[in-house]
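Me: I would like to go through the charged side chains of this protein with you. Could you take my questions one at a time?

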Amino acid sequence: MRTFYTVLAVALLTAGAGAGDNWPQFRGPNGTGHADSTGLPVRWSEKENIVWKTPIHDKGHSSPVVWGDQVWLTTARADGKEMFAICVDRNKGAILHDIKLFDVEKPAFCIPYNSYASCTPVIEEGRVYIHFGTYGTVCLDTTNGKKLWERRDLNCDHFRGPGSSPILFGDLLIVHFDGFDVQYVVALNKKTGETVWKKDRDIEYTARDGDPKKAYCTPTVITVNGKPQLISPAAVATIAYNPLTGEELWKVYHGGMNAAAPPLSYDGKVLICNGSGKLVAVRADGSGDVTRTHIAWTLNGAPTRSAPLLVDDKLCCVQEGNGILTCYSAKDGTKLYTARMGDKCTSSPVYADGKLYVFGEDDGKAVVGEVGKEWKELAVNKLDDGCMATPAIAGKSLFVRTKTHLYRIEQKN
């Protein structure tokens, strides 16, 4: 049985992970922000190293995903009454599909800082899975844009708008619903959209008010002792589930709310941002409530929106309010150094070919540098507008979504 789980986990976790020509989900293969691409551009501007620039209508903070010759992303009316999936030709930048998926008569409130299209799709050969939180989840055929299935009965009150992105694990599409009113995780059959398992959060929330119960996190699957674990952050606590069945494996209480960053795995530990500025490193080999037994270390000052990124044994965190990069030791959370990237930063950093890419929120500025014993800035680049979305990396290109456009950025000879 252990051999079966080992083979299954390795096969599922590495599917597409080495495929540097694709970027299938939020933060790329395995959700770590890393790409195995080389030859990416270091410098660009509106007049330099831009292959194409395509306007994207309305408002969306979802990141682009890339598969083959297609780039997919979502957008929605600012008032949330119409929601769309857009497919862009990877080579030419032409819009291949602009599909209105949902009409919503009375959208719930969404803060202006968020959007109704903030959940990043997940894509594989022939299919793209689009998620708008409580408003609906749909599977499209990527060859023609036709709807294969949809679900509109999985609901919660996001209170500030949706944000959690789905992931694929084998034949399962796994999605979080951590709302003001209800909190649960659901695994759907990716072929049919039918529910395989649904698990209500077994968390002791200390507040009666629903606001501290909400979260916007994207889960991650890791392998521990040859078996897969779905690491699923929520408000107040993180739960590890068996991704095949929904069985709860362990749980850690860390406080916080509005958790958004996918967890990371390092040296047998899971690194979890609680959404309120705290990060905990938890040994992932426990069972039951491991709060008193398996927290290896903690740090304060973790980002609340931008996701951390691991570079070797360094944990790189960018603060959204001031754009300051802080590098910590991933071994024990010790602060190593800080460097200023710019101003606000909601987009999460990405990494490839020894370089870290950090995109600013307001002024279109992006900083490229190397993470070593100290920060080494290589370039500061500028586009016409800033980024709320995290970029995608595929092949030798950066696919950057600003507030108004989608860019393909590549080094020109």
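Me: Leaving aside its neighbours within four places in sequence, which residues is arginine 201 in contact with?
Reply: In this predicted model, arginine 201 is in contact with His176, Asp178, Gln183, Tyr184 and Val185, and also with Ser232, Pro233, Ala234, Ile239 and Tyr241.

Me: Where is the place of arginine 201?
Reply: Arginine 201 sits in the loop between E14 and E15.

Me: Is arginine 201 buried or exposed?
Reply: Arginine 201 has a relative accessible area of 9%. Buried means under 20%, so arginine 201 counts as buried.

Me: Changing topic, how many salt bridges does the structure hold?
Reply: There are 22 salt bridges in the structure. As background, side chains of opposite charge can pair when their charged atoms come close.

Me: Which residue forms a salt bridge with aspartate 384?
Reply: Aspartate 384 pairs with lysine 53, and their closest N and O atoms are 3.3 Å apart. This pair links distant parts of the chain, 331 residues apart. Aspartate 384 is in the loop between strand E31 (375–382) and strand E32 (392–394), whereas lysine 53 belongs to strand E2 (residues 50–55).

Me: And is aspartate 384 buried or exposed?
Reply: Aspartate 384 counts as exposed, at 57% relative accessibility.

Me: What about arginine 160 and aspartate 211?
Reply: Their side chains meet in a salt bridge, at 3.9 Å from N to O. Arginine 160 lies in the loop between strand E10 (147–151) and strand E11 (167–169), and aspartate 211 in the loop between strand E14 (195–200) and strand E15 (220–224), so the pair ties together parts 51 residues apart in sequence. Arginine 160 is partly exposed, with a relative accessible area of 25%, while aspartate 211 is buried, at 17%.

Me: Which lysine forms a salt bridge with aspartate 313?
Reply: That is lysine 314, with the closest N and O atoms 3.6 Å apart. Lysine 314 is buried, with a relative accessible area of 15%, whereas aspartate 313 counts as partly exposed at 28% relative accessibility.

Me: Last one: which residues are linked in a network of salt bridges?
Reply: Asp58, Arg77, Glu82, Lys100 and Asp103 are linked in such a network.

Definitions and conventions
Residues numbered from 1 in each chain as written. Predicted model: local features only at pLDDT ≥ 70, side-chain atom pairs only at ≥ 80, totals over all residues. Heavy atoms only, no water. Salt bridge = Lys/Arg side-chain N within 4 Å of Asp/Glu carboxyl O. Helix = DSSP H or I, 4+ residues; strand = E, 2+ residues; numbered from the N terminus. Buried < 20%, exposed > 50% of the residue type's maximum accessible area, 1.4 Å probe, protein only. Contact = heavy atoms within 4.5 Å.
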